[in-house]
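Subject: Structure for your review

Dear colleague,

Please find the structure below, together with its sequence. My findings follow it.

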Amino acid sequence: MKCGVKFCGGCNPRYQRGDAYRTIKNDMTAIDFHLVDEDDTYDNLLVIGGCPACCASYKQYNVEDEVFKMWDEAHIEEIKTKLSQKL
């Protein structure tokens, strides 16, 4: 599975978004993660926001299945479970 990753702009981060991404990526080795590119198509998209607003835009990306949003490090396990169900 090819999963795009979109980070918010980081104006109000309440946790280390990069650390959360590395944890997910390291634990989900069966998934091919890529920072998003408008010219590419992804099976799924992970939007990593830094606060509850999770306002990063993502409509411009080509996603065939589902968009997953997280805005707290407490969401890591939930995101991993949801991504696992897509394999």
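Please note that this is a predicted model. I begin with strand 6 (residues 67–70), along which the side chains alternate.

Strand 6 runs parallel to strand 4, and four bridges join the two. Within this pairing, Leu46 has Phe68 of strand 6 as its bridge partner.

Turning to the overall fold, the protein contains two helices and six strands. Their order along the sequence is β-α-β-β-β-β-β-α. The radius of gyration is 12 Å, close to the 12 Å that the globule rule gives for 87 residues, so the protein is as compact as a globular protein of that length. The C-alpha trace spans about 30 × 25 × 15 Å along its principal axes.

Of the 87 residues, 39% are buried. Among contacts between residues at least 6 apart in sequence, 59% join residues at least 24 apart. The exposed surface comes to about 5,000 Å², of which carbon and sulfur atoms supply 42%.

How many disulfides does the model contain? The count is zero, where a disulfide requires a pair of cysteine sulfur atoms within 2.5 Å. For Cys3, the closest cysteine sulfur is that of Cys54, 14 Å away, which is too far for a bond. Cys51 is likewise in no disulfide, as its nearest cysteine sulfur, in Cys11, lies 5.9 Å away.

Are Cys3, Cys51 and Cys54 buried or exposed? Cys3 is buried, with a relative accessible area of 0%. Cys51 counts as buried at 12% relative accessibility, and Cys54 counts as buried at 6%.

Cys54 deserves a separate remark on its backbone. This residue is found in the loop between strand 4 (44–48) and strand 5 (62–63). Cys54 has a positive phi of about 35°, although it is not a glycine. In general, most residues other than glycine have a negative phi.

Yours sincerely

Terms used: Residues numbered from 1 in each chain as written. Predicted model: local features only at pLDDT ≥ 70, side-chain atom pairs only at ≥ 80, totals over all residues. Heavy atoms only, no water. Buried < 20%, exposed > 50% of the residue type's maximum accessible area, 1.4 Å probe, protein only. Pairing = 2+ DSSP bridges. Rg over C-alpha atoms; globule rule 2.2 N^0.38 Å. Contact = heavy atoms within 4.5 Å. Areas by Shrake-Rupley, 256 points an atom, 1.4 Å probe, with all protein chains shown as cover.
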